[in-house]
Amino acid sequence: MKNEMKKLGLEITMIVGLLGGVAQAATVTVMVSDGGFRPNRITIQQGDTVNFLSDARFTHTVTANPALAKDPANVVLPMGAPTFNSGDLTKGQSFTQTFDVAGNYQYVCLQHEKFGMIGQIVVEGADEE
Ligand SMILES: [Cu+2]
């Protein structure tokens, strides 16, 4: 019985060790507010998800698509990264996007892009230590 308990303990230790070796994907929240994206610049890891949550009185969007932006230069996407667009978000609504491609992102709110409602996300690659 004592040996079995020891064996079980060892197995649990091994499982915890294995899990610890795998990077856990995280979810980070960015507030979509009338004052802009908060924070308007974040750094995350490849595979992480960002939850854009509106607490705003006005309608905003989270848009990284140069074809939709007033100025395509305001949108930055790494090579091979998909475009995204939340559509209109009002208070209490959220939009989630998972970032599987590392690199620098810049997105806009379509309604307030010209007022500087722009956010940045740095996605660090899993291979880069
Ligand atoms: Cu806006």
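Read along the sequence, the elements of the protein follow the pattern α-β-β-β-β-β-β-β-β-β. This amounts to 1 helix and 9 strands, where helices (H or I, at least four residues) and strands (E, at least two) are DSSP runs numbered from the N terminus. The model is predicted, so local features need pLDDT of at least 70 and side-chain atom pairs count only at pLDDT 80 or more, while totals for chains, interfaces and linings use all residues. Residues are numbered from 1 along each chain as its sequence is written, and side-chain values use heavy atoms, with hydrogens and water left out.

Of the 129 residues of the protein, 34% count as buried; buried means under 20% relative accessible area, exposed over 50%, and partly exposed in between (1.4 Å probe, protein chains only). The protein exposes about 8,100 Å², of which carbon and sulfur atoms supply 56%; accessible areas come from the Shrake-Rupley method with a 1.4 Å probe, and for residues only the protein chains shown count as cover. Among contacts (heavy atoms within 4.5 Å) with a separation of 6 or more, 60% are between residues 24 or more positions apart.

## The open sheet

An open sheet is formed by 4 strands in the order β2-β1-β4-β7, with mixed pairing. Strands β2 (36-38) and β7 (94-98) stand at the edges with a single partner strand each, so one side of each is left without a neighbour in the sheet. From one strand to the next, the twist averages 25°; the axes are lines fitted to C-alpha atoms, for helices over the stretch in contact, and angles run from 0 to 180 degrees between N-to-C directions. Two strands pair if DSSP finds at least two bridges between them.

Strand β1 (residues 27-33) runs parallel to β4 and is joined to it by 6 bridges; V32 has S54 of β4 as its bridge partner. Strand β4 is mostly covered, 5 of its 6 residues being buried.

N51 is found in β4, which comprises residues 49-54. Leaving aside neighbours within four places in sequence, N51 contacts T27, V28, T29, V30, S94, F95 and T96.

## Residues in the interior

I42 belongs to strand β3 (residues 41-45). Not counting residues up to four places away in sequence, I42 touches V28, V30, V50, Q120, I121 and V122. The C-alpha atoms of I42 and G119 are separated by 8.6 Å, although the two residues are 77 apart along the chain.

N74 is placed in the loop between β5 and β6 (84-85). With the same exclusion of residues up to four places away in sequence, N74 touches Q106, Y107, V108, E113 and I118. Its C-alpha atom is separated by 7.1 Å from that of V108, 34 residues away along the chain.

| Residue | Relative accessibility |
|---|---|
| N51 | 16%, buried |
| I42 | 8%, buried |
| N74 | 18%, buried |
| H60 | 1%, buried |
| C109 | 0%, buried |

Ideal angles at a metal are 109.5 degrees for four tetrahedral donors.

H60 lies in the loop between β4 and β5 (63-64), and C109 in the loop between β8 (103-108) and β9 (118-124), so the pair ties together parts that are 49 residues apart in sequence.
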